Amino acid sequence: MDEMEFWELIDSTREAAEGDPEEQTDLLVERLTQLDPDAVTFFARHFEARYHRAYQWDLWAASWILLDGASDDAFDAFRCWLIGQGREIFEGAAHDADALADLLPAFDEELDGDAEDLGYAADEAYEQLTGTVLPDLGLPEAPADPEGVPLDMEDSEALAERLPKLWQRFGTRR
């Protein structure tokens, strides 16, 4: 499975699920189980690489603004959700977290921003196909700390300064 096929699976399941992360996960597992175990492993590698790439202070700040706070676990689920939004949104946000202000058509903190189960779709599909757990993906270790310059998430002024467009659109609704 190449990168294009990875994003096609993400996009087609998101569209079929009409943006519902739980439904997207179910559809993704269903579609992955129609592939061979090697393809599922490649999908998992693509997902995990992007998950690690999104481990950035600025994206954590974006999740904090969008979700009105984001613990470690909430940020993990947010990164899965961000991947689930597709290549354009993911790549735009990974390059510039503030771009989410323009990339997101809307954001409902009750429905959006949390897709933890999406991160386990490949594991579940692989286990259904083989009866065993997904093997080691052979990727470098996850970074110990987020990439970029740390930020005090409790400081509204710092958030507004770091991500001005996102803060103006979503941070001021409080």
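Is Arg53 buried, partly exposed or exposed, and what is its relative accessible area? Arg53 is partly exposed, at 35% relative accessible area (buried means under 20%, exposed over 50%, partly exposed in between; 1.4 Å probe, protein chains only).

The model is predicted: local features need pLDDT of at least 70, side-chain atom pairs count only at pLDDT 80 or more, and totals for chains, interfaces and linings use all residues. Residues are numbered from 1 along each chain as its sequence is written, and side-chain values use heavy atoms, with hydrogens and water left out.

**View A. Salt bridge between Arg53 and Glu91.** The two side chains meet at 2.6 Å, N to O (a salt bridge is a side-chain nitrogen of Lys or Arg within 4 Å of a carboxyl oxygen of Asp or Glu). Arg53 lies in helix H3 and Glu91 in helix H6 (residues 87-95), 38 residues apart; helices are DSSP runs (H or I, at least four residues), numbered from the N terminus. Glu91 is partly exposed, at 23%.

**View B. Salt bridge between Glu3 and Arg50.** The N to O distance is 3.0 Å. Arg50 is buried at 10% relative accessibility, whereas Glu3 is partly exposed at 28%.

**View C. Salt bridge between Arg14 and Asp11.** These side chains meet at 2.9 Å, N to O. Both residues are in helix H1, three residues apart, and are therefore separated by about one helical turn. Arg14 is buried, at 17%, and Asp11 is partly exposed, at 24%.

Terms used
Helices (H or I, at least four residues) and strands (E, at least two) are DSSP runs, numbered from the N terminus.
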